[in-house]
Amino acid sequence: MLSLRDVVGHEQVVKSLQSALANNFVNHAYTFSGPTGLGKKSVGFAFARALLCRCNQGDACGECDDCNRSERGLHPDLHIISPEGNSIKIHQLRAVQESASITAYGMGRQVFLILQAEKMTLAAANCFLKTLEEPPAGVVFILITDEPAGMLPTVLSRCQQYRFSRLSREKVLRVLANKGSGAYYSVESAQVAAELSEGCPGRALAMLEDPNKRISRIELLMRIVRGRPGSAFLPVDKLTEREDLGEFINSVILIFRDVLIWQLTGSAELLINVDRHSDIIELAGTYVKPEVMDILITAEKSSDYLASNVNQRLVLDSLLFKITGQWDDDRG
Ligand SMILES: [Zn+2]
């Protein structure tokens with residue numbers, strides 16, 4: 001498990017957390033927010049580990065009993081809460097309330113890492129709010145979320161909020177190099193993944209671990225395009241999960257960016273999806289430039305809508321209408 005000093009990127013966040021630790025000026029609740037795959041959870045774990053380290057040096061020492069236990073996921077004062085099924089339920093937050101009131105074992109701290117915090121039910125969030133209003137001494141909550149807009153504003157306002165930013169391509173490559181010590185992927189594929197990841201190392205890693213997922217999303221897009229105009233049977237049943245839809249939209253953006261680049265320059269050197277060259281040429285022949293730009297704008301908007309919790313089906317439909325050209329057909 002990572003220590004704060006090993007984190008690649010997110011310098012401001014890490015510096016601020018380290019200084020809070022060093023000055024013993026730790027808040028009782030934090031939110032780490034930002035797009036999927038930025039490393040919020042890793043920083044959350046590193047911070048939790050540092051908070052519980054008995055050496056109290058502003059980071060995890062990596063040597064003590066506390067560090068060993070938290071590394072193995074066996075620290076009695078490190079509690080991890082994640083959705084049960086689709087949501088974080090009230091009984092989970094009642095259990096948090098209960099354990100938070102019990103004295104901690106080691107450093108006198110108890111850390112609760114709440115993953116996908118936006119998935120708390122309203123009842124759970126209200127229960128949590130009560131705990132936040134009167135936080136027991138020594139308790140630290142770290143809430144990790146991709147969608148802070150889905151959280152209760154009253155919960156957010158009681159947390160110190162850190163917004164994580166995207167990493168540069170070089171830093172994504174550094175994360176990949178650190179993780180890939182077993183070198184199970186080539187330098188070339190790491191470079192393509194870093195390029196496609198849009199600054200999210202987790203996304204690059206997922207692509208390297210399962211390259212078929214990305215390919216199948218692009219193939220789904222090609223099936224939709226070839227089924228136009230206005231096929232009533234779009235093969236989109238695989239996009240019912242929010243995360244899958246988000247990744248699909250992302251693939252649409254990256255592919256159509258390449259289509260536009262190809263239309264403008266005719267140069268394959270500038271393409272990101274180099275391995276899908278023939279699809280890009282096909283798409284460039286299917287759509288004229290203004291249509292490509294229209295699809296790109298709609299896809300970018302769809303991505304924002306999805307992040308702000310707009311109905312998933314509406315988001316998908318508006319994008320598909322653009323890709324299949326149904327709006328234009330309807331208007332005649
Ligand atoms: Zn330690």
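The model is predicted: local features need pLDDT of at least 70, side-chain atom pairs count only at pLDDT 80 or more, and totals for chains, interfaces and linings use all residues. Residues are numbered from 1 along each chain as its sequence is written, and side-chain values use heavy atoms, with hydrogens and water left out.

The chain was assigned three domains: domain 1 (4–163), domain 2 (168–209) and domain 3 (211–331). These bounds come from an automatic or database domain assignment. The C-alpha centres of domain 1 and domain 3 are 37 Å apart.

Rolling a probe the size of a water molecule over the atoms shows where empty space is left. The search used a 1 Å grid over the protein atoms alone. A cavity is a set of points where a 1.4 Å probe fits but cannot get out. A pocket is an open set with protein on both sides within 12 Å along at least five of seven lines. Lining residues have an atom within 4 Å of a point. Grid points are joined across faces, edges and corners, and a volume is the space filled by probe spheres set on the points.

The second largest pocket has a volume of about 190 Å³. Its lining includes Ser 189, Met 207, Arg 214 and Asp 275. Domain 2 and domain 3 both give residues to this lining, so the pocket lies between them. At least two lining residues come from each of α8 (187–196), α9 (201–209) and α10 (211–226). Helix α8 gives the most, with four. Helices are DSSP runs (H or I, at least four residues), numbered from the N terminus.

One cavity of 30 Å³ or more is present. The largest cavity has a volume of about 80 Å³. Among its lining residues are Leu 196, Met 207, Arg 214, Glu 247 and Asn 273. Helix α11 (242–265) supplies the largest share, five residues. The lining divides into five nonpolar, three polar and three charged residues.

Helix packing was described by axes, which are lines fitted to C-alpha atoms over the stretch in contact, with angles from 0 to 180 degrees between N-to-C directions. The axes of α7 (residues 169–179) and α8 come within 9 Å and cross at roughly 130°. The two helices are therefore oblique to each other. Angles under 35 degrees count as roughly parallel, over 145 as roughly antiparallel, 65 to 115 as roughly perpendicular and the rest as oblique. The axes of α11 and α12 (residues 277–286) come within 9 Å and cross at roughly 70°. That makes α11 roughly perpendicular to α12.

Note on methods: Ala, Val, Leu, Ile, Met, Phe, Trp, Tyr, Cys and Pro count as nonpolar, Asp, Glu, Lys and Arg as charged, and the others, Gly among them, as polar.
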